[in-house]
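I opened the notebook to record how the parts of this protein meet. The entries follow the order in which I looked things up.

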Amino acid sequence: MRITRLTHDVSVALPADAGAAGAADGPAIARMTLGERLRRLREAQYITRGEAAEAIRLQQAQLTLMELGRTGFRARDVSDLMTVYGLHDESERATLHALVPQTNVPGWWHPYADVVPRWLSAYLGLEHAAGVIRSYELQFVPGLLQTREYARAVVSLGHAHEPESRLRRRVELRMSRQRVLRRARPPHVWAVVDEAALRRPVGGPEVMRAQLEHLLAACELPHVTLQVLPFGAGGHAAAGGPVTLLRVPQPGLPDVVYLEQLFDAHYPEDPEDIRRYRQVVDRLVTTAEPPTRTPALLREILDDGWS
């Protein structure tokens with residue numbers, strides 16, 4: 001490792017009031033801001049993650065999570081890392097230190113901790129903080145656009161042997177996520193849904209009819225863009241599973257790709273991988289029917305299968 005003079009190009013936009021950064025958005029923005037700043041400081045000094053972790057006696061995996069904004073921070077670790085990276089400016093050190101408490105603020109989902117695995121906890125924070133949420137769904141209607149009855153049917157598929165009380169809590173969690181669509185400054189949700197998800201009988205005909213009518217109503221919202229990928233579109237790059245791309249409104253922070261799997265989720269961290277997934281979502285948007293066609297397609301599917 002080597003220490004060089006810090007250059008101006010390692011900065012990332014910090015909140016005007018860093019100490020309050022997580023108060024409204026939960027811990028996600030503070031974690032991403034602090035993690036990204038520390039990563040840029042490290043790379044500016046040509047220090048590897050392994051070297052930085054060893055210098056402050058931290059597991060490299062933990063430092064990776066910190067830099068990606070997936071976990072909370074300890075003030076001692078942040079102070080030690082800033083020293084290792086040669087950051088001695090007291091004003092900036094104080095600004096970064098002020099973010100530390102906000103990285104440990106409990107998210108809104110904390111009361112549901114018993115049904116939120118760690119991999120989902122990170123996503124819930126990002127979803128709550130995002131300015132734009134773009135997604136492709138192959139099997140199901142996107143969670144933010146599900147009715148309670150449809151959500152119950154989906155949750156039951158993956159947790160069929162759980163007691164009724166836990167199933168109810170999982171459904172309540174999903175319904176609580178949808179509050180972001182009703183807040184004063186909601187994220188723009190842009191979803192491409194495969195036609196198969198709209199024709200698959202999840203929960204039965206009545207549930208499906210109510211769900212499609214709910215999607216028709218969602219199309220009227222200015223911050224929701226819904227597209228249908230028809231069977232006639234043929235094969236495509238995302239045929240292997242759902243893809244979600246989240247973008248936070250703060251400048252200088254990277255997009256996050258979320259790939260949900262059966263019992264886990266993956267967050268690609270390589271910038272090139274993120275770029276490729278962004279291209280995949282872009283191609284899906286151009287391949288799918290335009291948003292102006294969505295209401296007519298939904299009514300057609302309603303009449304065909306769920307009338």
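I began with the charged pair E269 and R49, whose side chains form a salt bridge with an N to O distance of 3.1 Å; I took a salt bridge to be a side-chain nitrogen of Lys or Arg within 4 Å of a carboxyl oxygen of Asp or Glu. The model is predicted, so I note the thresholds: local features need pLDDT of at least 70 and side-chain atom pairs count only at pLDDT 80 or more, whereas totals for chains, interfaces and linings use all residues. Residues are numbered from 1 along each chain as its sequence is written, and side-chain values use heavy atoms, with hydrogens and water left out.

Domains. I looked up the division of the protein and found domain 1 (25-104) and domain 2 (117-145 + 180-306), with bounds from an automatic or database domain assignment. Their centres, taken over C-alpha atoms, lie 32 Å apart. To the contact (heavy atoms within 4.5 Å), domain 1 gives 14 residues and domain 2 gives 14 residues.

Interface. How much area do domain 1 and domain 2 bury between them? I recorded about 1200 Å², with 63% of it on carbon and sulfur atoms; buried area here is the accessible area (1.4 Å probe) that two parts lose on being put together, summed over both. The count of salt bridges between domain 1 and domain 2 is one. I then looked at the side of domain 1 that touches domain 2, to which α2 (28-44) and α4 (60-68) each supply at least two residues. Helices are DSSP runs of H or I of at least four residues, strands are E runs of at least two, and both are numbered from the N terminus. The largest share of that side, six residues, comes from α2.

Salt bridges elsewhere. I found 27 salt bridges in the structure. One I inspected joins the side chains of E172 and R148 at 2.6 Å, N to O. This pair links distant parts of the chain, 24 residues apart, with E172 in helix α9 (residues 164-177) and R148 in helix α8 (residues 148-158).

Confidence. I checked pLDDT, the predictor's confidence in each residue from 0 to 100. The protein averages 91, and 92% of the residues score at least 70. Helix α1 (residues 21-25) has the lowest confidence, a mean of 51, and strand β3 (residues 224-229) the highest, 98. I also noted that pLDDT stays under 50 over residues 19-23, for which the model has 11 contacts beyond four places in sequence.
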